[in-house]
Amino acid sequence: MGKYLLRRLLNYAILLFVAVTLTYFLAATQLNPRGLFEVRNPPLDPASIEATLLQYNLSDRVPVHERWWTWFTGVLQGDWGYTVDGGHVNDEIKRRMWVSLRLVTVGSILGIVLGVALGAWTATRQYRASDRAATVGSLLILATPVLVIATVLTILATKFNQASGIRLFEFTGETGERGTYPLAALVDRGQHLLLPTIALTLIGIASYSRIQRNLMLDTLGADYVRTARAKGLRKQKAVMKHALRTALIPTGTYFAFSVATLFTGATITEQIFTFHGMGIYGVQSIQQQNVHGTVAVTAFAGVCTLTGAVLADVMVAILDPRVRLS
Amino acid sequence: MSIDVTGDRKVRRTQSGTVLSVADLHVTFPSEAGPVRAVRGLSFDLAAGETMAIVGESGSGKSVTSLAVMGLHPDTAKITGSIKLHGEELLGRGDAAMSNLRGNELAMVFQDPLSALTPVYTIGDQITETIQIHRDVSRSAAMKRAVELLDLVGIPSPQLRVKSFPHEFSGGMRQRAMIALAIANDPDVIIADEPTTALDVTIQAQVLEVLKKAQRETGAAVILITHDLGVVAGVADRVTVMYAGRPVEQGAVDEIFYTPRMPYTIGLLGSVPRLDADVKEPLATLQGNPPSVVELPAGCPFAPRCPMVQDNCRVIEPPLYPTENPEHTAACHYWADIAAENRSYRDIFPLPDIPTSQLERIPRDQRRTVLQLEGMQRHYPLMKGAIFRRRVGTVYAVDGIDLEIKEGETLGLVGESGCGKSTTILEVLQLKPPTAGNIVVFGKDVRGINGGRERKSLRRDIQVVFQDPMASLDPRMPVFDIIAEPLGVHNVAKAEVERRVVELLELVGLEPSHASRFPQQFSGGQRQRIGIARALALEPKLIVLDEPVSALDVSIQAGVINLLDELKAKLGLSYLFVAHDLAVVQHIADRVAVMYLGNIVEIGEVSEVFRHPTHPYTQALLSAIPIPDPRKERSRERILLKGDLPSPANPPSGCKFRTRCQRFATLTEGERQPCLETMPDLYVVGQDHNSACHYNEERQVV
């Protein structure tokens with residue numbers, strides 16, 4: 001198992017290198033940091049522009065492979081480069097990584113757990129009122145853009161705050177004014193997280209419940225569930241122990257792979273609830289001709305994807321003995 | 001061996017007499033087309049220690065009956081009547097009450113051992129689960145019992161195998177594990193639903209033996225659900241024949257087999273090819289198909305297919321009349337007529353007149369050779385590694401075989417799954433040089449074929465019919481297009497194509513007006529006829545038949561076999577007929593080759609090989625085939641092979657069969673030496689009869 005994982009990791013490292021290098025060439029040739037200076041009014045001295053660009057390894061007059069080499073040797077030492085205005089990409093990523101993590105963790109875990117539970121439950125009640133209601137609800141959420149969901153939640157939260165007279169929901173940024181009682185900082189953060197977490201949970205429930213319901217329907221009719229009942233297990237227990245366990249295997253893989261999109265794909269949620277996370281940074285980097293930032297976000301997403309892949313392998317190995325043995 | 005962990009046997013609530021009593025059982029499912037009346041008025045009493053077989057074709061309601069008894073029917077099913085266990089009514093009980101009985105007093109063995117065990121739990125866990133549901137025993141005690149049970153059902157080294165997962169077991173072993181699961185709590189009734197249908201005959205014989213042993217050990221009553229009349233003859237005490245949801249004949253096994261009184265039963269028995277048949281005669285064919293149970297017409301459901309049908313048969317559905325013996329009942333208004341003349345299927349069913357081929361009059365060695373395999377080998381490399389693939393071994397799928405098919409001849413190729421039959425026919429169909437040796441088709445050496453064009457024109461002469469008639473026909477193409485496709489590929493003119501398709505449909509016994517329908521509108525037998533029509537489209541000389549009848553119901557199978565016989569004579573075809581059912585092969589083939597692990601172990605004229613088998617494997621194979629004749633079955637002595645087919649990647653040294661050989665076991669140390677060291681050649685043992693054993697010896701097994 002250890003040797004197998006090590007080999008997989010080596011494969012992934014190679015893959016990551018290829019992906020990041022390709023992104024570097026793409027970003028370095030297509031983004032134009034020089035343009036940021038050239039539109040300034042009054043115009044800047046071309047020599048000083050060149051000097052600044054050279055200083056940060058961003059000059060398009062240096063051959064791209066040379067720039068790449070400089071950048072790559074930096075990366076090997078843990079330096080992901082600078083923006084044109086001298087900001088260090090490392091600082092930015094370090095800070096935003098944790099913002100993203102704080103934002104998505106609770107929401108996505110709740111989403112998958114509740115989604116799987118709802119999916120499994122509705123599968124056993126196929127075509128009954130509860131199943132149909134869950135189906136309609138999920139499809140409604142899946143069909144609505146995140147932007148709309150988040151905005152609607154914000155409006156509802158405002159109404160709730162006004163009606164109840166307590167400011168339960170906070171929805172700007174990660175922290176705000178807070179009292180002086182013990183654990184006030186934690187409560188404050190919790191209040192700010194409440195609304196984005198609800199949004200992420202709803203979306204998670206909607207998509208996972210769909211997947212799990214279909215997987216569950218396949219295994220519910222399986223012969224081995226009938227065998228389990230023929231052994232004397234009650235329907236409920238046979239379903240939980242024999243059908244659900246088998247139906248969880250593909251969900252495990254799916255979840256692991258979605259880790260990557262969780263971190264970098266929550267752009268709109270970040271934007272609306274003003275969380276300065278990774279997703280927003282990726283978009284901003286491209287807008288601001290930030291070559292190194294763009295590559296760093298790609299690398300981060302790559303690491304997430306590959307972590308997800310490893311996680312998926314481990315997950316399947318835990319859930320499915322057929323993989324474990326061969 | 002003790003069957004109980006606690007030491008004392010479970011106290012039987014019914015020691016003798018009736019354990020299970022089913023009376024006037026009706027099961028109906030709602031469907032969009034209307035209510036599906038799956039079971040209509042089934043009654044039987046089952047005594048302790050007794051085996052009752054329920055026989056019928058697909059859709060006859062036999063599996064639904066078993067699920068109703070177990071209470072595992074879908075919630076939508078409407079059930080009326082009565083099911084009593086130990087005199088207590090089961091119908092109307094809730095899931096909780098039924099769960100206490102299931103696995104404890106009522107146990108079940110399902111058909112497909114591949115899917116009936118949960119893939120993510122070990123065999124041991126699944127057996128201990130069933131023990132612990134019903135008894136308050138520790139896990140270690142339950143595990144000890146699981147090991148005992150696995151030992152009882154003949155799983156080698158049960159201590160180790162108890163920790164295995166289902167996918168590590170072969171099909172036969174999984175079915176043994178299923179039986180262990182069923183008898184774990186010493187049940188009073190075991191329901192076995194087609195327990196051996198998915199298995200090879202050699203494994204079937206082993207599993208039936210285990211089932212009998214399990215019954216002896218537990219004293220349980222057994223309901224055996226099957227379509228295989230041979231299995232019924234060997235195992236059952238009593239038989240219920242079902243047709244369109246209705247019991248149509250019930251009685252003791254001998255009476256059902258020797259004095260059947262319902263035309264359907266008679267036809268069913270007549271349509272089975274028998275291994276013990278002395279002269280080849282056409283099989284009884286039941287015209288048409290079983291009716292749909294959604295909209296049953298009035299009267300006897302068998303009336304549309306019955307040659308004896310009278311007017312009142314179409315009006316009044318016959319009840320089960322008691323016959324000469326009141327215990328033996330038959331649902332036919334005219335059972336007395338049948339009884340008076342003791343009519344057999346020859347008297348009732350029209351036997352098709354099958355012409356004999358012109359070619360059969362020419363001596364075999366003067367006929368042209370259609371296909372010749374010379375020392376043909378097909379080895380597959382066993383690869384490992386994701387990026388740097390390296391060869392770690394070889395699968396010896398076919399390991400040097402010689403075959404010859406003459407014009408107008410049928411060669412049967414038989415053996416267990418994994419013996420290399422399919423690889424052999426794939427090699428023939430590919431028309432490419434094998435790993436070693438050679439294939440010669442119509443005098444043309446495949447090594448000399450260069451380019452696709454020559455291969456394509458040769459393909460006209462070799463066509464194939466596959467096993468599964470549903471999977472081998474494109475569901476989105478109408479029948480006309482399916483049959484016309486090969487003609488289009490070979491650029492036949494459009495007008496000619498239309499004429500030809502009509503001709504082909506008539507040839508295989510279908511209506512030309514059916515050409516615009518889609519495959520799913522046909523029954524299994526009709527679909528297989530479409531497949532045959534497609535194969536015949538280009539007027540081939542050789543047809544490769546890959547298990548063409550094994551997916552069909554017995555009454556349908558006979559019609560297809562008769563058709564194949566007729567086509568062969570009419571069109572002068574040669575067949576390479578691959579099958580695992582030796583009775584079918586005996587019926588249709590002129591010569592037979594028995595394969596084991598990539599080699600031919602016995603080959604020759606079919607009656608010679610089957611009547612005087614000299615290779616121990618052929619003998620075991622033949623002895624494993626059940627014969628639909630209860631008296632013969634009772635007196636037969638089965639040769640039970642040990643274990644499963646070894647892996648073709650790692651075959652045993654010397655004679656490949658020695659690890660399972662019953663003759664090898666009786667040899668002295670010195671005598672065994674040749675078996676361990678050298679693969680025996682095919683020695684001549686008779687006129688057109690060769691056998692690859694160092695100690696060839698004839699033995700009567702049928």
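Guide: Read along the sequence, chain A shows the pattern α-α-α-α-α-α-α-α-α-α-α-α-α-α. The chain holds 14 helices and zero strands, where helices (H or I, at least four residues) and strands (E, at least two) are DSSP runs, numbered from the N terminus. This is a predicted model, in which local features need pLDDT of at least 70 and side-chain atom pairs count only at pLDDT 80 or more, while totals for chains, interfaces and linings use all residues. Residues are numbered from 1 along each chain as its sequence is written, and chains are lettered from A and ligands numbered from 1 in the order in which they are written.

Confidence is expressed as pLDDT, the predictor's confidence in each residue, from 0 to 100. Chain A has a mean pLDDT of 88, with 98% of its residues at 70 or more. Within chain A, helix α6 (residues 129–143) has the highest confidence, at 95, and α14(A) the lowest, at a mean of 67. Where pLDDT is low, the predicted coordinates should not be read in detail.

The C-alpha trace of chain A spans about 85 × 60 × 40 Å along its principal axes. Of the 326 residues in chain A, 35% are buried; a residue is buried if 20 or more other C-beta atoms lie within 10 Å of its own, exposed if 12 or fewer, and partly exposed in between, with C-beta atoms placed from the backbone. Among the contacts in chain A with a separation of 6 or more, 71% join residues 24 or more positions apart. Two residues are in contact if their C-beta atoms, placed from the backbone, lie within 7 Å.

An automatic or database domain assignment supplies the domain bounds. Chain A is divided into domain 1 (2–76) and domain 2 (97–325), whose C-alpha centres lie 34 Å apart. In their contact, 17 residues of domain 1 of chain A meet twelve residues of domain 2 of chain A. On the side of domain 1 that touches domain 2, α1 (2–30) and α2 (33–38) of chain A each supply at least two residues, and the largest share, eleven residues, comes from α1(A). By class, this side of domain 1 of chain A has 13 nonpolar, three polar and one charged residues. Here Ala, Val, Leu, Ile, Met, Phe, Trp, Tyr, Cys and Pro count as nonpolar, Asp, Glu, Lys and Arg as charged, and the others, Gly among them, as polar.

After α3(A) comes A:N57, with a positive phi near 60°.

The contact between the two chains takes 19 residues from chain A and 26 residues from chain B. On the side of chain A that touches chain B, α9 (223–230), α10 (235–264) and α14 (321–325) of chain A give two or more residues. The largest share of this side, seven residues, comes from α9(A). By class, the side of chain A that touches chain B has six nonpolar, four polar and nine charged residues.

Chain B, for its part, is assigned domain 1 (18–236), domain 2 (246–348), domain 3 (358–596) and domain 4 (602–691). Helix α1 (residues 62–70) of chain B is largely enclosed by the rest of the structure, because nine of its nine residues are buried. Just after α1(B), B:G71 takes a positive phi of about 75°.

B:A192 lies in strand β7 (residues 189–193) of chain B. B:A192 counts as buried because it has 29 C-beta neighbours inside 10 Å. Beyond its neighbours within four places in sequence, B:A192 is in contact with B:V109, B:L211, B:V222, B:L224 and B:I225.

Chain B also contains an open sheet of eight strands in the order β18-β19-β20-β15-β21-β22-β24-β23, with mixed pairing. Its edge strands are β18 (462–465) and β23 (683–686) of chain B, each pairing on one side only. Two strands pair if DSSP finds at least two bridges between them. Strand β15 (residues 410–414) and strand β21 (residues 591–596) of chain B pair in the parallel sense over four bridges, and B:L413 has B:A593 in β21(B) as its bridge partner.
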